[in-house]
Amino acid sequence: MSSLKAQFITLEGIEGAGKSTQKEALCRLLDANRVPYIETREPGGTPYAESIRELLLSHSDDAPSAKTELLLMFAARAQHLKTKILPALEAGTWVICDRFTDATYAYQGGGRELPLDWIETLETLVQGAKRPDLTLIFDVPVALGLGRAGRRGALDRIESEDLAFFERVRAMYQQIASREADRVVMLDASSDVESVTESMISLLMTRWNLSCRPG
Ligand code: T5A
């Protein structure tokens, strides 16, 4: 454990998959093991990037084109990476990030059907060789995820897309998980909160050789 460098961990999944719920359980695990960390999210995570998030998610008569949306996702990411994620990792602090570039592959590549090589080019431009150390994808059937998300209140601009859009998003996440098995772990998130938490905690304790379970 003490020999492990600060980890960059990202959480992914369609709307209502339970990322935010499971992020809290992950943080309790790190607290129990006295691991220093910060929590953050994308799009957003810094004041400037949160302004871009507002532009991206709000409903507007002048909605962004798919290409504009893609560029804004990476504009926000460039700021977030430079001013928050990289400094934290360099200081030895773990970073727990709700969504990152896999979301761009899933939503803009899968959902919007933009060419994946555009995303690869922007990924290299913005991140260089930097990639998450571990990505947890919480997988749920689309109808289940959207049902959970819908109970929470008004839908934002991207959440208002149709079922076919989210089926493409989910399929892209599944492709990423099967292509990048070293970095990405896909968890079945369709059962109750406690069961999903238990699978995640068991997996992480083994992976990082942690000794303390969260209380
Ligand atoms: N986006 C983002 C892109 O298009 N491209 C990009 O590059 C990036 C980075 C914002 C949007 O931006 C898009 C994707 C998104 O549309 P967001 O802020 O992460 O992304 O917002 P959402 O994904 O919409 O977050 P949600 O809150 O909907 O999803 P979560 O976090 O997965 O779900 P959570 O934990 O809040 O749970 C939702 C509800 O379900 C319940 C919870 O209690 C809550 O009420 N729940 C469960 N119920 C039963 N069983 C379980 N196992 C449950 N787990 C949670």
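1. Helix H4 is the top contributor to the shell around the ligand, giving four residues. Bear in mind that this is a predicted model.

2. Elements that supply two or more residues to its shell are helix H1 (19-32), helix H2 (47-57), helix H3 (66-90) and helix H4 (101-111).

3. In total, 27 residues surround the ligand. The closest are Ser 20, Thr 21, Arg 99, Thr 104 and Arg 152. By class, the shell holds eleven charged, nine nonpolar and seven polar residues.

4. Which atoms lie 2.4 Å apart at Arg 99? One is an N or O atom in the Arg 99 side chain, and the other is an oxygen atom of the ligand. Thr 104 places a polar side-chain atom 2.6 Å from a ligand oxygen. Ala 17 uses its backbone instead: an N or O atom there is 3.3 Å from an oxygen of the ligand. On its own, the ligand has 1000 Å² of accessible area, and the protein covers 84% of that.

5. The volume of the largest cavity is about 30 Å³. Strand E4 (134-139) and helix H7 (163-179) are the elements that give two or more residues to its lining.

6. The lining of the largest cavity consists of Gly 13, Ile 14, Ile 137, Phe 138, Asp 139, Val 140, Arg 170, Tyr 173 and Met 186. E4 provides the largest share, three residues. Six lining residues are nonpolar, two are charged and one is polar.

Definitions and conventions
Residues are numbered from 1 along each chain as its sequence is written. This is a predicted model: local features need pLDDT of at least 70, side-chain atom pairs count only at pLDDT 80 or more; totals for chains, interfaces and linings use all residues. Side-chain values use heavy atoms; hydrogens and water are left out. On a 1 Å grid over the protein atoms alone, a cavity is a set of points where a 1.4 Å probe fits but cannot get out, and a pocket is an open set with protein on both sides within 12 Å along at least five of seven lines; lining residues have an atom within 4 Å of a point. Grid points are joined across faces, edges and corners, and a volume is the space filled by probe spheres set on the points. Ala, Val, Leu, Ile, Met, Phe, Trp, Tyr, Cys and Pro count as nonpolar, Asp, Glu, Lys and Arg as charged, and the others, Gly among them, as polar. A residue is near a molecule or strand if one of its heavy atoms lies within 4 Å of it. A polar contact is a pair of N or O atoms within 3.5 Å; within protein, one must be able to donate a hydrogen and the other to accept it, and residues adjacent in sequence count only if both atoms are side-chain atoms. Accessible areas come from the Shrake-Rupley method with a 1.4 Å probe; for residues, only the protein chains shown count as cover.
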